[in-house]
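Here are some notes to read alongside the model.

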Amino acid sequence: MKRAFSGVQPSGVLHIGNYFGAIRRFTEFQDEYDCYYCIVDLHAITVYQDPEELPKAIRDTALYYLASGLDPEKVTMFAQSDVPCHAELSWMLECISTFGELSRMTQFKEKARGTESFSSGLFTYPVLMAADILLYDADVVPVGEDQKQHVELCRDIAERFNSRYGETFKIPEAIIPEYGARVKSLQDPNKKMSKSDPNPLSYISLSDSKDEIAAKVRRAVTDSGREIVYSPEDKPAIANLMTIYSLCTGLGFPEIEDEFAGKGYADFKKALIDAIIYALEPVQQKYAEYAESGMVSSILRQGAEKANQVSSQVLRRAKQSMGLSLLADPTRRKLF
Ligand code: AMP
Ligand code: TRP
């Protein structure tokens with residue numbers, strides 16, 4: 001069976017961009033792939049996280065994995081910090097990645113803009129992500145558009161390692177959705193919807209109530225004119241709202257244009273509110289059921305056990321390739 005690997009940071013709220021761009025798609029792989037879905041808490045701490053809040057966010061992310069339809073019998077879900085191999089391989093890969101290539105990562109450039117007091121972890125973040133993926137011999141990595149550059153870097157690092165130290169890592173491939181890969185902010189369609197946006201009107205969180213969803217959609221920015229047509233260049237705000245409508249209903253853009261021909265933004269927004277509520281309702285309901293069941297800690301514990309077994313074997317392989325760890329390799333032990 002081929003392997004899939006992906007991760008989501010447990011930092012702040014999860015929004016519909018995370019859901020449509022990543023988490024909902026994770027379920028599409030669970031029948032045909034051996035899936036590892038990680039809650040990447042070591043990535044989250046590249047910026048300050050309140051130690052009281054972080055465990056709650058880890059649990060919350062796991063609950064949304066389950067609520068979105070991931071079956072713990074089929075997939076391995078775990079918290080990154082429960083599997084020590086991630087940090088260990090990350091260091092080894094840091095030693096073969098360069099300052100120059102990490103400086104070119106757009107996510108880093110955006111986050112570090114205007115300051116030098118970012119953590120070193122924020123800079124080396126993509127190397128830890130490469131370690132995550134390579135430790136599971138992943139074939140595919142389902143992510144949103146914003147992570148494509150990081151997966152490409154992972155491929156570069158793996159190829160470099162293989163050519164320097166001998167065939168060790170499988171080269172993974174990013175799977176980006178055709179659309180919905182980049183849900184934009186409701187307040188500024190030039191920016192992606194982001195959990196770090198200080199303005200909560202810019203995103204719809206998976207835990208938002210019906211009233212909050214309605215209020216946020218009503219206050220979402222629109223473009224000039226009044227027609228509902230899909231034209232990302234001329235009408236970026238409407239194109240974004242149409243994308244969200246399409247993700248919620250499964251309708252294509254021509255069908256949406258037909259549905260709202262002759263109608264205005266107010267009618268469209270009303271339908272969009274209903275569509276989002278309808279799409280999120282089952283997720284919110286399942287979230288509540290799983291939260292009450294108290295199953296999440298045992299699911300994460302079992303997931304970590306399996307992840308430790310798989311990743312420790314790949315780490316051992318990588319150490320042998322690099323000439324590290326005498327104990328891992330009996331032929332080297334004889335040298336002494
Ligand atoms: P993060 O919240 O940064 O850990 O992202 C988790 C997953 O959600 C990654 O696969 C991202 O690519 C995806 N994602 C984050 N923001 C968006 C967005 N606005 N639109 C689509 N996908 C997103
Ligand atoms: N960097 C990703 C994000 O912010 C999360 C992530 C960490 C990830 N490790 C990963 C995604 C490995 C895919 C595979 O969205």
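1. By class, the shell around ligand 2 has seven nonpolar, five polar and one charged residues. Here Ala, Val, Leu, Ile, Met, Phe, Trp, Tyr, Cys and Pro count as nonpolar, Asp, Glu, Lys and Arg as charged, and the others, Gly among them, as polar. In total 13 residues surround ligand 2, and the closest are Gln9, Tyr125, Met129, Asp132 and Gln147; a residue is near a molecule or strand if one of its heavy atoms lies within 4 Å of it.

2. A word on what you are looking at: this is a predicted model, in which local features need pLDDT of at least 70, side-chain atom pairs count only at pLDDT 80 or more, and totals for chains, interfaces and linings use all residues. Residues are numbered from 1 along each chain as its sequence is written, chains are lettered from A and ligands numbered from 1 in the order in which they are written, and side-chain values use heavy atoms, with hydrogens and water left out.

3. Helices (H or I, at least four residues) and strands (E, at least two) are DSSP runs, numbered from the N terminus.

4. The side chain of Gln9 has an N or O atom 3.1 Å from an oxygen atom of ligand 2. Taken alone, ligand 2 exposes 360 Å², of which the protein buries 91%; accessible areas come from the Shrake-Rupley method with a 1.4 Å probe, and for residues only the protein chains shown count as cover.

5. Gln9 turns up again at ligand 1: of the 17 residues around that ligand, Gln9, Gly144, Asp146, Val183 and Lys195 come nearest. This time a polar backbone atom of Gln9 is 2.9 Å from an oxygen atom of ligand 1. A polar backbone atom of Gly144 is 2.9 Å from an oxygen atom of the ligand, and a polar side-chain atom of Asn18 lies 3.0 Å from one. On its own ligand 1 exposes 480 Å², and the protein buries 94% of that.

6. The shell of ligand 1 has six nonpolar, eight polar and three charged residues. Helix H1 (residues 16-29) provides the largest share, four residues.

7. On to the strands. E1 (residues 3-8) and E2 pair in the parallel sense over six bridges, where two strands pair if DSSP finds at least two bridges between them. Gly7 has Cys38 as its bridge partner in E2, and Phe5 stands opposite Tyr36. From E1 the chain crosses through H1 to E2, a right-handed β-α-β crossover: with the strands pointing away from the viewer, the path from the first strand over the helix to the second runs clockwise. E2 also runs parallel to strand E3 (residues 76-79), joined by four bridges, and Cys38 has Phe78 as its partner there.

8. Why is E2 (residues 34-39) described as largely enclosed by the rest of the structure? Six of its six residues are buried, meaning under 20% relative accessible area, with exposed being over 50% and partly exposed in between (1.4 Å probe, protein chains only). Asp34, Tyr36 and Cys38 point one way from E2, and Cys35, Tyr37 and Ile39 the other way. In a regular strand the side chains alternate between the two faces of the sheet. E1 is likewise largely enclosed, because five of its six residues are buried.

9. Finally, two loop residues. Asp137 lies between helix H7 (120-134) and strand E4 (140-142); its phi is near 50°, a positive value in a residue other than glycine, and at 17% relative accessibility Asp137 counts as buried. Ile204, in the loop between strand E5 (173-175) and helix H9 (210-218), is buried at 0%.

Key
Polar contact = N/O pair within 3.5 Å; in protein donor to acceptor, adjacent residues only side chain to side chain.
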